[in-house]
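Dear colleague,

I am passing on the structure we spoke about, and below it you will find my notes. Please read them with the sequence and the model open beside you.

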Amino acid sequence: MTPTMTQGLTETLNAFEIAQKQFADAADILGLDEGVRKKLRTPERCLTVAIPTRMDDGRLEVFIGHRVQHNTTRGPSKGGIRFHPNVTLDEVKALASWMTWKCATVGIPYGGAKGGITCNPKEMSQGELERMTRRYASEISLIIGPEKDIPAPDVYTNAQTMAWIMDTYSMNKGYAVPGVVTGKPLALGGSLGRNEATAQGCVYIIEEAAKKLGIDLKTATAVIQGYGNAGSIAAYLLHDLGVKIIAVSDSRGGILNTQGFDPRKVLEFKNQTGSVVGFPGTESISNEEILNLKCDVLVPAALENCITLKNAVKINAKIVAEAANGPTTPGADEILFDRKIVVLPDILANAGGVTVSYFEWVQNVQELYWDIEDVNSRLKKIMTRSFNDVYAIHKDKRINMRKAAYVLAVGRVAEAFKLRGLFP
Ligand code: NAD
């Protein structure tokens, strides 16, 4: 556990404990009995595997990997695979449960899973990464498959990683099985729109929230923390709607111009120089300061736990749209709710990614591919409906949007569990 002490208050930043608390809050509101709670908070299957890998210098290294299937009551489990030195079984369990609730929030027919290997991919060659990935894929192939559990990319894994997993699984089957993973390259059955899906889904949710709050996006301002896949695409999609982007940041720091700037040009600049910092016509600002800027929409799109008890009182936005997973701690959630700042929670706001992953899987299974208009119109329909489902609970029960999303999601999984009953 990594507690922080702020103004005499302590809060946990441990993903597993935060996930358990978010679930318990929803279970209390739903009045679930202890047996159902135990069932829904316990992962169904945790597989830990040793991954012997030949390194380029001839050494044999053994990495440890996990695949956790949290819940499959509503369908096959779905969730990314992360390569990172800090991967632990506890973290993978928490991330797997978030996937269960995310899929249920947007009503796609999946449960939740997550995988990870404890490794430092930044220090590994492509050859080492490929050998490690293929052995991991082979070890977990016992429990994955298009009808069982469908991995996707996460931190430090990408379309190439998915291609290796798809190939390894297919080699063992004896035929091509594209539907075993999503987030694949287009040439292997990836979906159009997958790359933009998380940001696009988040922007659809922001549009709905703005309507409810009476914010005209054509005259609104936005601040974006993190300028990778989710953050940079969210910036230019918002800009296309007329929103003035006044500040953005990446791991090296932030940039500010209250008159606004062109986020596509910032992306070009970052691609050339490695950072947004130094973009002409802007002043530098720290990653802490950027969160406190006055704006209509703040989009955290980088790290977990960036809005905490320490800085929640200083947030100066009307909407916080969580493109990142877990950027707001439970303590900060309460403060923002009291301050009438609307937090669009991760399990709703960034669910566009898993939704288009679902579309990719549907296309693979049907062997029928859609154009981008089809993908985006279906995505918009699901995100808009989900926002309205969550918003109705938020209003009805007078709870924040995160609790409302959890009440919707946990309620859906609990209902499915009760209907299926207990085996044997
Ligand atoms: P990414 O690696 O493409 O981008 C991350 C960005 O965050 C980079 O610009 C990096 O410089 C920046 N960053 C790192 N540390 C920072 C710091 N201290 N302050 C400010 N910026 C910092 O990752 P991504 O795919 O865009 O994911 C970002 C977040 O969105 C993560 O929480 C991820 O779990 C979540 N998310 C992504 C997807 C997706 O489809 N990409 C889906 C769901 C959720």
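Predicted model: local features only at pLDDT ≥ 70, side-chain atom pairs only at ≥ 80, totals over all residues.

The ligand is surrounded by 20 residues, of which Thr198, Asn229, Ala230, Asn287 and Asn325 are the closest. A polar side-chain atom of Thr198 lies 2.6 Å from an oxygen atom of the ligand, while a backbone N or O atom of Ala230 lies 2.8 Å from a ligand oxygen, and a backbone N or O atom of Ala323 is found 3.3 Å from an oxygen atom of the ligand. On its own the ligand has 830 Å² of accessible area, and the protein covers 71% of this.

Helix α7 and strand β9 each contribute at least two residues to the shell around the ligand. Helix α7 runs over residues 229-240 and spans 17 Å from its first C-alpha to its last, close to the 16 Å expected. Nine of the 12 residues of α7 are buried, among them Ile233, Tyr236 and Leu238, and the buried residues pack against α6, β8, β9, α8 and β12. Just after α7, Gly242 takes a positive phi of about 105°.

In helix α2 (residues 34-41), Val36, Arg37 and Leu40 are buried. Seen down the axis of α2, these buried residues fall within an arc of 100°, so they line one face of the helix. Their cover includes α1, β4, α3 and α14. At the start of α2, a side-chain oxygen of Asp33 comes to within 2.9 Å of the backbone nitrogen of Gly35.

With best wishes

Note on methods
Residues numbered from 1 in each chain as written. Heavy atoms only, no water. Helix = DSSP H or I, 4+ residues; strand = E, 2+ residues; numbered from the N terminus. Expected span 1.5 Å × (residues − 1). Buried < 20%, exposed > 50% of the residue type's maximum accessible area, 1.4 Å probe, protein only. Contact = heavy atoms within 4.5 Å. Arc of directions from axis to C-beta. Polar contact = N/O pair within 3.5 Å; in protein donor to acceptor, adjacent residues only side chain to side chain. Near = heavy atom within 4 Å. Areas by Shrake-Rupley, 256 points an atom, 1.4 Å probe, with all protein chains shown as cover.
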